[in-house]
Amino acid sequence: MLSNKTDYRKLLMTLLAWSVGLLIFFPILWTILTSFKTEADAIASPPLFLSFDWTLENYTEVQERSNYFRHFWNSVVISLGSTVLGLLIAIPAAWAMAFVPAKNTKNILMWMLSTKMLPPVGVLIPIFLIFRDTGLLDTLTGLVIVLTLINLPIIVWMLYTYFKEIPGEILEAARMDGATLWSEIIHVLTPMALPGIASTMLLNIILAWNEAFWTLSLTAAKAAPLTAFIASYSSPEGLFYAKLSAASTMAIAPILIMGWFSQKQLVRGLTFGAVK
Amino acid sequence: MGSIKLENVSKSFGTVEVIPPLNLDINEGEFVVFVGPSGCGKSTLLRLIAGLEDVTSGTISIDGQDATEIRPARRGLAMVFQSYALYPHMSVRKNIAFPLKMAKLDQAEIDRKVNKAAEVLNLASYIDRRPGQLSGGQRQRVAIGRAIVREPKAFLFDEPLSNLDAALRVNMRLEISELHQNLKTTMVYVTHDQVEAMTMADKIVVLRAGVIEQVGSPLELYRQPANKFVASFIGSPKMNFIDGEAASKYQAHTIGVRPEHLRFSRESGPWKGVVGVAEHLGSDTFLYVTLEGGEQFTVRTVGNAEFHHGDVVYLSAEPENIYRFDENGLAIK
Amino acid sequence: MATDHSRVAARFMISPAVLLLLGWMIIPLSMTIYFSFLNYNLLSPGMEEWIGFTNYEYFLTDPAFFAALGNTLLLVGGVLLITIVGGIGLALLLDQPMWGQGIVRILVIAPFFVMPTVSALVWKNMFMNPVNGLFAHAAKALGFAPFDFFAHAPLFSIIMIVAWQWLPFATLIMLTALQSLDQEQLEAAKMDGARKFNRFFHITLPHMSRAITVVILIQTIFLLSIFAEILVTTNGGPGYASTNITYLVYAQSLLQFDVGGGSAGGIVAVILANIVAFFLMRMIGKNLET
């Protein structure tokens, strides 16, 4: 089968790439494996790879101890909520920038991106105080508002780059065909840009799901999402490897699974629409 | 229904005036072609009529009504774009139905009209496919179908054939002409291809740098070009020009002779030249001749003329077909 | 290329986004500026008084500030270096013909999906722990003494963790850029006698300059405000050895409740970020045109 030089080269590359890939993936794999071990097996020396007594005990214990599902639900609400809200605000803005560019469009876009460079610590205290005084502290609403705002520049930027790929003539055709602005956006632009919108959405769900500055600073117990749930394992529970692994696996599994099912769009989205 | 009148219409982008004030009448049922080199403002002019761009000054009336401030959709015009601008996520049927849906017609009415358009344009066999699955010619038909169903006062075509290959272009040209014969609706058609203009138009508008150089029927432009620009733009291959002494014999600054109006001989004639390239097309032969004065002349002759590189020829013009121009390039009547 | 009607509509459509971001920027930022001139501690409410630049003086002369500034730069620079070089290498590898390319790609991307708190905890406890971590086991197996990563090289350890998280992103961008490289260009270079090495430096790398710019821009935005990784691993220590500006300001304001000092620190962070942004934007301006 491996009859020529090309095939040998391919085999070599396959081995190399798989080794590197597995190496990079290993910490995740190891976490998942450890989550099924008993605490004793988890710290066994030498480490046990597959030959241990598989158990689900850690998962039930983690759920009982720190109510995983409530944190999971909080994460779902804030990441979906902020992404949908962000899209609703960003789609019209990106439409305007992509199809009715003015002299200052580039500047507005750059300015929006630059707000993303505003270090969160620069506005942490006022936001904390405003939230405390308005009762938004430790609420899902508050987190949705903050995450929408911090990810808005990225959503606008990504949608803008995707919209730019759509020929303006098609929107003009819709205009000639009697479409109002809203039907132009709803019936023509949105369906055409659906792959790009999906990529944007996926990336933002991940960014919001994993956001750990605001979610840690602005929540205590009630609205704490998975990032905070996991942070509570920093010590001394962190030394219980099996439980830490179970909690970690549960925190990252939803995103890993979502990523697995939406590979193509996600890969496109992960480049932030910035390279083609 | 379907007359369009432009009065003192001008257009500037920022400080750049791409169309100085111009006047133009398009009569009901006419097939008008805007032709000119790229960048001459012909597409902009069409977009002004469509309402996709605002005029900087002047008025556009459609059927005697001032339409200058009316939104594109309300002008009652339909447009076929260069890229066809089909909606890629909709089937052919939905594409054609879109303007009717936007006009909030009831479904039965929409179906009836779409089916009729499909029949007229022969696209029933692929009506449930998406644009991505169609060939260039089929897409073109769908774009026309989408325009027809609206029963517009006038059709606007923006270089609709430029994305098709040569053979298909000839076919679609005929189909559009035929459509015009059947519908008798006003059509405004933009192209840079003078062949399209000559073959399809009732009236040709030649534009250069936003200025109308001449308006007239194809044969008027061919026979009585108003200036050197029109003379060289209309007709293929291009008209030959010669100035200086040869022209002053005819009391002109420049004279022009079309390739098909040159006679030649191997022995004698007023203009001596050497054949550079001879293109034998079978039906015709084109000779590219360099005259003694350095001018390049194109000669069109019969298919079986045996000329080759380096042959010496003597050219003369049919006296009744010499075009005379003054120093400003304007035709001398 | 549009009508007045659509321009008006465009302004209307863009304004919610602009106004929200403007509000998000201006309101809290001006409050931060105001607080930074106050002696304001959450533990003693009602005692606020105007103290001018004193907070800035304290913050800027605090040795912790210089440590944090240096750490911030090392963190950003180190991670950028590792991810860019590693990303290009990985992208070149993934671009080769192989079996199971899709799966390898998923394996490589996976770290991006892991939330910072999780990756920091997993690395800290299960890999870098000097007693039970995998690295310790490996060291012992090879006959070395286990290395206490967070005690002796806290910043380096954090850089490694963050680099692991961002390597997928860099790889993906580089890979996308690599795949858009016109193969005919490489073939032409081959015909012109360029060897593999020269082809990479003269054709492939210049083609990727835009991708590299994107990686630098986007990663810098996120890396400047690295926070969770520090919070759950070292709490900035030992001493200030792994404190960056973000963490320093956080500690000052939400752990010591010194709103005035924290605000001054926040403003300093904003100014520093602006300096970085200025250079970044100039770079992008050049590289992201078209």
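Domain bounds here come from an automatic or database domain assignment. With that said, chain B splits into domain 1 (4-231) and domain 2 (237-325). Their C-alpha centres lie 38 Å apart.

Some ground rules before the contacts. This is a predicted model, so to speak of local features takes pLDDT of at least 70, side-chain atom pairs count only at pLDDT 80 or more, and totals for chains, interfaces and linings use all residues. Residues are numbered from 1 along each chain as its sequence is written, chains are lettered from A and ligands numbered from 1 in the order in which they are written, and side-chain values use heavy atoms, with hydrogens and water left out.

First topic: the two domains of chain B. Contact means heavy atoms within 4.5 Å. By that rule, 7 residues of domain 1 of chain B touch 8 residues of domain 2 of chain B. How much area is buried between domain 1 and domain 2 of chain B? About 640 Å², with carbon and sulfur atoms giving 58%. Buried area is the accessible area (1.4 Å probe) that two parts lose on being put together, summed over both. On the domain 1 side of chain B, B:Tyr222, B:Lys228 and B:Ala231 lose the most, together 81% of what that side buries.

Now the polar side. The count of salt bridges between these domains of chain B is 0; the rule asks for a side-chain nitrogen of Lys or Arg within 4 Å of a carboxyl oxygen of Asp or Glu. Polar contacts number 3 residue pairs, both at pLDDT 80 or more. Such a contact is a pair of N or O atoms within 3.5 Å; within protein, one must be able to donate a hydrogen and the other to accept it, and residues adjacent in sequence count only if both atoms are side-chain atoms.

Next topic: chain A against chain C. Here 102 residues of chain A are in contact with 95 residues of chain C. The two chains bury about 8,900 Å² between them, 82% of it on carbon and sulfur atoms. In chain A, A:Ile24, A:Met117 and A:Ile125 lose the most area to chain C, yet together they make up 8% of what that side buries.

Which charged pairs bridge chain A and chain C? The rule finds 0 salt bridges. There are 7 residue pairs in polar contact, both at pLDDT 80 or more.
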